[in-house]
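Biologist: I would like to go through the labels used for this chain and see what stands behind each one. Please start with the criterion and then apply it.

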Amino acid sequence: MGPFKGGLLMFVDFNRVFKNKSQTQLSVPSAFINYMNRSLPEGVKYVVDEDGNCVITGTDNSISIGGFSFGLTDEQKRILGKNYTDKDVYDYFYNIQKPIPLTMIKDGYILLNGHEFPVEKMAYNPLAPITYVSGSFYMLPPKFPDPFEIKVGCDKYERTLTVSRIPHNSVSILAFESRKEDPLYIQYFVDKKKQSLTLNISLNLEKAESIKDIVESTSIYNAYLEGNGTLLGHKLAAKLCTDNVKKFNGNSILFWEKVLKIEDYLEVSFIPPKGNVDSHTICLVEQLYQNFINKIPIRDNRKINHINGNWNDNDTENDINESIGDSLFFEFEVLSSIDLFGIRIELPSLICVFNAVLRDYVTKGEKQQLLLADESKEKERYTSIMCFKTDEELAEYKAKGNDEIINIFRDAKRPQEYL
């Protein structure tokens with residue numbers, strides 16, 4: 001902490017300086033102020049504040065004030081140690097961000113630039129004099145600097161955290177923490193005497209606002225627990241203390257990375273769930289990941305029991321009736337409606353049905369319906385599906401040709417087989 005800072009008042013514009021001045025201030029003659037300044041120690045002067053008080057300030061923006069002793073509690077003395085210095089006191093109270101209690105060595109007087117000076121004259125109003133009787137004195141430490149940014153990361157990701165210095169009941173240990181509103185939180189302590197840094201890291205996914213928050217925060221959290229975390233772009237060479245600390249599930253990170261890739265591919269912003277993810281959602285994510293990223297169809301566990309259509313000509317109806325009981329392959333296009341993490345998406349889809357037998361053909365009003373059954377107990381019918389982002393992508397995929405598509409869709413795996 002440096003010396004107390006004073007103010008330098010410069011008169012450069014009459015209207016700007018005097019337009020809003022109170023009548024009290026304007027009524028203190030400059031000649032009177034000059035007269036009072038003659039009795040002051042060298043290096044200080046009076047200036048008039050907006051309330052008409054003549055306040056001591058330094059002629060070079062600084063003054064020296066002494067004649068005090070520190071009013072420390074027994075606990076504060078214990079923390080400072082037996083042979084503490086004035087600097088230790090300043091550092092301590094700056095570190096805890098509390099005023100330093102002061103006691104005047106000579107009641108009613110301080111040392112101003114090395115000269116004994118009455119306290120009641122530090123701020124003096126000649127039009128409304130105040131006499132000092134008793135009071136408490138404190139020295140206010142400067143405020144901590146504004147919050148700043150640091151980067152924490154791992155091999156794949158990096159996040160920028162906003163960090164603030166926080167009070168800490170110590171002389172030499174400085175404490176810092178990131179925003180508690182973020183899913184990834186760090187708190188670290190710099191010991192100036194030992195030249196060491198201690199860092200704590202924690203994870204709270206309820207505060208994640210995006211899928212990216214989840215992926216990056218969990219990956220970096222695990223990296224720190226594994227000793228592979230980075231700080232300001234540099235790997236930390238640290239001694240880890242991970243007692244009773246569990247890493248975030250690695251398979252869960254892989255799951256959320258897939259969700260993030262799907263999000264990027266579809267150009268949407270999913271809403272992170274507040275609870276656990278059910279098995280249906282896990283399988284749906286795996287299906288879309290294989291469809292979009294790996295360009296692979298997925299075998300659907302659901303069975304298609306009937307196919308609706310509109311066949312009005314007699315020749316078609318005759319052909320269908322003649323095919324009842326036959327094993328048939330079906331391929332058709334649909335618009336799949338999917339709900340995923342708060343977003344409803346309609347996706348052009350290609351569906352293939354295998355091991356199906358045409359069981360019957362019925363007419364309902366103007367619509368016709370094909371009823372399907374399994375080819376046999378050993379060869380149950382199944383469906384393979386592939387979703388696309390656009391109709392253009394679907395058309396491009398179909399350009400492969402029916403034979404190649406049939407082979408690819410026939411060998412499709414269930415989502416669970418990829419998990």
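Modeller: A polar contact is a pair of N or O atoms within 3.5 Å; within protein, one must be able to donate a hydrogen and the other to accept it, and residues adjacent in sequence count only if both atoms are side-chain atoms. This is a predicted model, in which local features need pLDDT of at least 70 and side-chain atom pairs count only at pLDDT 80 or more, while totals for chains, interfaces and linings use all residues. Residues are numbered from 1 along each chain as its sequence is written, and side-chain values use heavy atoms, with hydrogens and water left out.

Biologist: What makes the pair of T281 and D278 a polar contact?

Modeller: The side chains of T281 and D278 are paired at 2.7 Å, and the limit is 3.5 Å.

Biologist: Why is T281 called buried?

Modeller: Buried means under 20% relative accessible area, exposed over 50%, and partly exposed in between (1.4 Å probe, protein chains only). T281 has 15%, so T281 counts as buried. T281 lies in helix α8; helices (H or I, at least four residues) and strands (E, at least two) are DSSP runs, numbered from the N terminus. Leaving out residues up to four places away in sequence, T281 touches L340 and F341, where contact means heavy atoms within 4.5 Å.

Biologist: Why is N95 called buried?

Modeller: The relative accessible area of N95 is 0%, and therefore N95 is buried. N95 belongs to helix α5, residues 86–96. Its side chain makes a polar contact with the side chain of R165 at 2.9 Å. Beyond four places in sequence, the residues that N95 touches include F144, I166, P167 and H168.

Biologist: What makes K247 partly exposed?

Modeller: K247 has a relative accessible area of 46%, so K247 falls in the partly exposed class. K247 sits in the loop between β18 (234–235) and α7. The side chain of K247 makes a polar contact with the side chain of E226 at 2.6 Å. Y221, N222 and L225 are also among the contacts of K247 outside four places in sequence. K247 and A223 are 24 residues apart in sequence and 9.0 Å apart in space, C-alpha to C-alpha.

Biologist: Why are α7 and α8 called oblique to each other?

Modeller: Axes are lines fitted to C-alpha atoms, for helices over the stretch in contact, and angles run from 0 to 180 degrees between N-to-C directions. Angles under 35 degrees count as roughly parallel, over 145 as roughly antiparallel, 65 to 115 as roughly perpendicular and the rest as oblique. Helix α7 (residues 250–266) and helix α8 (residues 279–292) pack at about 55°, with axes 9 Å apart. The pair is therefore oblique. On the α7 side the contact includes F255, V259 and I262, and on the α8 side I282, V285 and L288.

Biologist: What is the phi of E267, and why is E267 called exposed?

Modeller: Phi of E267 is near 60°, a positive value in a residue other than glycine. Most residues other than glycine have a negative phi. The relative accessibility of E267 is 64%, so E267 counts as exposed. E267 is placed in the loop between α7 and α8.

Biologist: Why is N113 called partly exposed?

Modeller: N113 has 24% relative accessible area, so N113 is partly exposed. N113 is in the loop between β8 (109–112) and β9 (115–118), and its phi is near 50°, also a positive value.
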